[in-house]
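Please consider the assembly shown below, with attention to how its chains are placed against one another.

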There are 4 protein chains.
Amino acid sequence: MRRIGVAVVGAGFWGRNHARNLRELNETRLLAVCDKDEAKAKAVADLFGVDAYTDSNKMMKRQDIEAVTVCTWSTTLATEAMRALRLGKHVLVEKPMANNIHEAQKVIELAKAKHRYLMVGFLMRFIPGVQRIKQAVEKGEIGSVVYATARRVSQWPERIGDVGVVKDLAIHDIDITRYLLQEEPVEVYAKAGSFRHKKFEDHAQILITFRGRKTAYIEANWLTPYKIRKLTVTGSEAIVSLDYTTQEITMETAGQTLAPRYEVKEPLKLELQHFANCIMDDKEPITTGVDGLKALQIAESALKSARTGKAIKLKPL
Amino acid sequence: MRRIGVAVVGAGFWGRNHARNLRELNETRLLAVCDKDEAKAKAVADLFGVDAYTDSNKMMKRQDIEAVTVCTWSTTLATEAMRALRLGKHVLVEKPMANNIHEAQKVIELAKAKHRYLMVGFLMRFIPGVQRIKQAVEKGEIGSVVYATARRVSQWPERIGDVGVVKDLAIHDIDITRYLLQEEPVEVYAKAGSFRHKKFEDHAQILITFRGRKTAYIEANWLTPYKIRKLTVTGSEAIVSLDYTTQEITMETAGQTLAPRYEVKEPLKLELQHFANCIMDDKEPITTGVDGLKALQIAESALKSARTGKAIKLKPL
Amino acid sequence: MRRIGVAVVGAGFWGRNHARNLRELNETRLLAVCDKDEAKAKAVADLFGVDAYTDSNKMMKRQDIEAVTVCTWSTTLATEAMRALRLGKHVLVEKPMANNIHEAQKVIELAKAKHRYLMVGFLMRFIPGVQRIKQAVEKGEIGSVVYATARRVSQWPERIGDVGVVKDLAIHDIDITRYLLQEEPVEVYAKAGSFRHKKFEDHAQILITFRGRKTAYIEANWLTPYKIRKLTVTGSEAIVSLDYTTQEITMETAGQTLAPRYEVKEPLKLELQHFANCIMDDKEPITTGVDGLKALQIAESALKSARTGKAIKLKPL
Amino acid sequence: MRRIGVAVVGAGFWGRNHARNLRELNETRLLAVCDKDEAKAKAVADLFGVDAYTDSNKMMKRQDIEAVTVCTWSTTLATEAMRALRLGKHVLVEKPMANNIHEAQKVIELAKAKHRYLMVGFLMRFIPGVQRIKQAVEKGEIGSVVYATARRVSQWPERIGDVGVVKDLAIHDIDITRYLLQEEPVEVYAKAGSFRHKKFEDHAQILITFRGRKTAYIEANWLTPYKIRKLTVTGSEAIVSLDYTTQEITMETAGQTLAPRYEVKEPLKLELQHFANCIMDDKEPITTGVDGLKALQIAESALKSARTGKAIKLKPL
């Protein structure tokens, strides 16, 4: 089997995880790791026996690199993604993909112009339980979907990021509820604020309304004493719940509670494998640039709603 | 010990429960039961060996009746409560207390003018676990409260009521979150609608914002396949959850999950006992007419928000 | 529908429960209650508006009494059962049925000679979850049964009985494992002793071996800090567990955990209804005198094993 | 800090795990791996960049090797342990340590004669939850211990071993219950047999009695549809349960259920670290050769009891 030559931009926590999985997968060949911080770049590159770079432009010029995964800080994701696209690479960019909608749109256009695949790293979609819920929704196993609720809360994160809790945490559930409810959101109302964090919001409660009256409610914060990552989809025939941490799902109907047993899998491995397979088989990834753009629009509207105290209508993009 | 002579207006499901408890309590003496439907009135009265009436006015003229509990349909609660107050009785009126804010205010004023106690039947407050959570909040055991979420969903109710899911179900959680968060709500945003019910909304998602930025999110519906009644209060130090059905609570902190074991108690018995004790000891009940009024205001604002698609500011009452 | 006229012998905790259910059932007519303690007899009789007796012989001579339920202390169960049989009544006798095997055999013979039904009050069989497990075993849903384990432990009982924990608690699980494993026990090994109780054993661990090599392990005590009543049946294809207290069952297979939702039912009501139906339809009860006898044999063998430190072979009865 | 030079004998599943941990620990320096199967030895040695041997004798002659961990098949554990001891190495030998009591005694004597540490790989003791339970028992948090029950069951194991379920699985719980109950066992009664396996028993139920009347009941099999590894210790004041798989513990008292939150740790890492620390600090390991010997005696007595149908008294060793 052919292997896709891949390089990783950003050698922090997630960059290291990308590198490890790209090395272990049969579908990919890890070729290089880049980070502005030379020590970091070298540390990760050495661990996996590949080349280290501090200049991503230089690295990306290598012809054996077909694809790049971008794991830098939120504020430079779009810049690095565009650099890679310009050099003809396929790109997997971490969420939230860009600093704003405008920038996200430019990345999407560039990918289109260059005929390269652009995938956004919505990791949650690759958890087997999410796929099981998706299937349950599509097959009508849960009846008519009424709403979804998601809870993604934790203690203060060790690393202080360059975005708040909406673009860092809630964006996962924004994407997942769009994905599972299979409708476009039309309105967002949110409350967000900062109890402890100086620069960014540290808690947010977001109520999204979809075209067909379904709703999604998302809680995200960095205030609660321990980590909870849960999703519930309520339908007329069943209530399906997922614990993202244990990957366990339960399906509750009028007659029973059922918990299928799954092999726990590392979603990042499945995500990177999917990315490689899309390139090899020439097919669109399941999390596209447009998914990233729409999630970003909802995240920004949530922040705007929290600032203005008003419900925000979502313009079609 | 002196016993308070009590009569029950309304001999439906709840009226019968009131009558049974009033008969069993040491603090009360059940004297009479009234219902427009003579058969219903007689059935309940016979069961407990008391007098049956079809005319509440006639019943309430009895001098031995000191207090009345009103368990009629929602639309006649205020009328019956006012009738009892006019005749000098203390009144426990079921939620939602009145058809609208204006009517609720009139009931409150009448109670004040007549120097009689007016209690609203917010049953949930009398569940031991709610009192335990209240205590945890007050003692700071859960740190700073961030928000509360409540879920009160069930299958289609057998009896079609004369109000929708907001005034029938959500009103409980409106009251409980006000009670536990210890702040006044300032804004309500809600989505509600009807997937199956003809006359009234059958599902609602309500986001309430309190003065100090805390929020409460309430889900209520008659669409889900089985009954769930849950409450979660999230604080900076602990997350406290209550299952209203089993009366079990859990307190999750960074270090542990703790589930105190309680004796399951019938909240209605505790509520009626409290009502009797307030009369005997001449003290204000913990669920006053004003609590009923405020809950009604929030419920109506939620319905208005759902109709208009706007967040509704709450005027001080 | 014809109703069976029934009287209750013994007006303690269980006698009162029998009386209440016999009064509520459509299949039975409660006629009288008897207890040597006149106050007790009167209290229960008055509650349900029937006649009180202190002399069971006198009561049982009434012609309108067709059947008798015996809820006295363990040591007088057999005496009262035989008295009732001699007077031609059908008998439901509480476990442990008799003081010893010999006495139990005499009760069985008398019932046979008098052509009357003799049922032993193994209440657990009437819990819907036990019936569900029985069905699962019979249909092969759990594959080949390997063994069962049961745990019936609690704090010190308020009423000090006249038997130890083996005949009071473990006997339920002795009967249930016999019932579910569908084989006759051939050997019993047990440890039992008294950490706190003066007269009787307060804890016992019993390992029963059945003909086809299946085993059952039963833990019973009055030492543990709170009440647990659990049963697990392990098969080659599934593990089925029942919580007797909540009546919830779970079925765990390689692929899933499934918890059917049941309406909680009072097993005593179902037991008394079954007794009445057996008399009316002239059919053998599902818990016969022989079941009582065999459970007693195992209980006594367990106590003997604990005394002698040896495994006891069970002689066919 | 000085590092202990260690070699691993046996490059199967467990040998590979030993090697990985010995390489990662700061306390140890992995020097060599040995296996009769050259390919296996090389595979593991290459993975961690150390030397591969097929002759353990040759490997153990290296002066830089201070300690050896023995992870071979059960039947050769004692031989390899003695070879290492003779050459002056400290030894960590996997359970069940030896083929029989006699052999185990010889290993212990040799370690004593050579003044070398001999540790037996009872991995379970190193699970943080087991240490927490040990502490609870010692501090009297659970009151007087009444008994322990353990359940270690799973589907058919992929690798067919050279011992049955008693020496492969149950031996863990034999050691743990001895460790936690803090008394010496005096009697063993067991049932064991083979429903599917040809050569060895595939299920066993073992009831162990300790000097002070406490008991332990152990279920082990390779027949049940999925993996369960649980321990419950019942005391007069609390019931403590551990799920070995998730490492979660719960402590149930009359008043509450408490589940402390722990960081999940790899017990093998802690075990190997302990082994290295004992050598460095010149102190006895917490799982000695005598622990291995006693567990083996109980395991063999259980098998003998199952063969003979009798309870076996344990002779002091």
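This is a predicted model: local features need pLDDT of at least 70, side-chain atom pairs count only at pLDDT 80 or more; totals for chains, interfaces and linings use all residues.

Residues are numbered from 1 along each chain as its sequence is written, chains are lettered from A and ligands numbered from 1 in the order in which they are written, and side-chain values use heavy atoms, with hydrogens and water left out.

Two copies of a chain are related by a rotation about an axis and a shift along it. Chain A is superposed on chain B by a rotation of 180° with 0.0 Å of shift along the axis, at an RMSD of 0.0 Å; this is the relation of a two-fold axis. Such superpositions are made by least squares on the C-alpha atoms of residues with pLDDT of at least 70 in both copies. The same surface serves both copies, since 98% of the contact residues of chain A recur in chain B, where contact means heavy atoms within 4.5 Å.

The contact between these two chains takes 42 residues from chain A and 41 residues from chain B. The area buried between chain A and chain B is about 3,400 Å², of which carbon and sulfur atoms give 56%; buried area is the accessible area (1.4 Å probe) that two parts lose on being put together, summed over both. Two salt bridges are counted between chain A and chain B, a salt bridge being a side-chain nitrogen of Lys or Arg within 4 Å of a carboxyl oxygen of Asp or Glu. B:Lys191 forms a salt bridge with A:Glu187, with the closest N and O atoms 3.1 Å apart. On the side of chain A that touches chain B, β7(A) gives the most, with five residues. Strands here are DSSP runs (E, at least two residues) and helices are runs of H or I of at least four residues, numbered from the N terminus.

A rotation of 180° with 0.0 Å of shift along its axis also superposes chain A on chain C (RMSD 0.0 Å). In chain A, the C-alpha nearest that axis belongs to A:Leu258, 2.2 Å from it. Here 100% of the contact residues of chain A recur in chain C. Ten residues from chain A and ten residues from chain C make the contact, and the two chains bury about 760 Å² between them, 33% of it on carbon and sulfur atoms. Across the interface of chain A and chain C, zero salt bridges are found. The largest share of the side of chain A that touches chain C, five residues, comes from β14(A).

Over all chains, the structure holds 80 salt bridges. One of them joins the side chains of A:Asp291 and A:Arg178 (3.1 Å, N to O). This pair links distant parts of the chain, with A:Asp291 in helix α9 (residues 289–308) of chain A and A:Arg178 in helix α7 (residues 165–181) of chain A, 113 residues apart.

In chain D, the axes of helix α6 (residues 128–138) and helix α7 (residues 165–181) come within 9 Å and cross at roughly 35°. Axes are lines fitted to C-alpha atoms, for helices over the stretch in contact, and angles run from 0 to 180 degrees between N-to-C directions. Among the residues making this contact are D:Val130 and D:Ile133 of α6(D) and D:Ile176 and D:Leu180 of α7(D).
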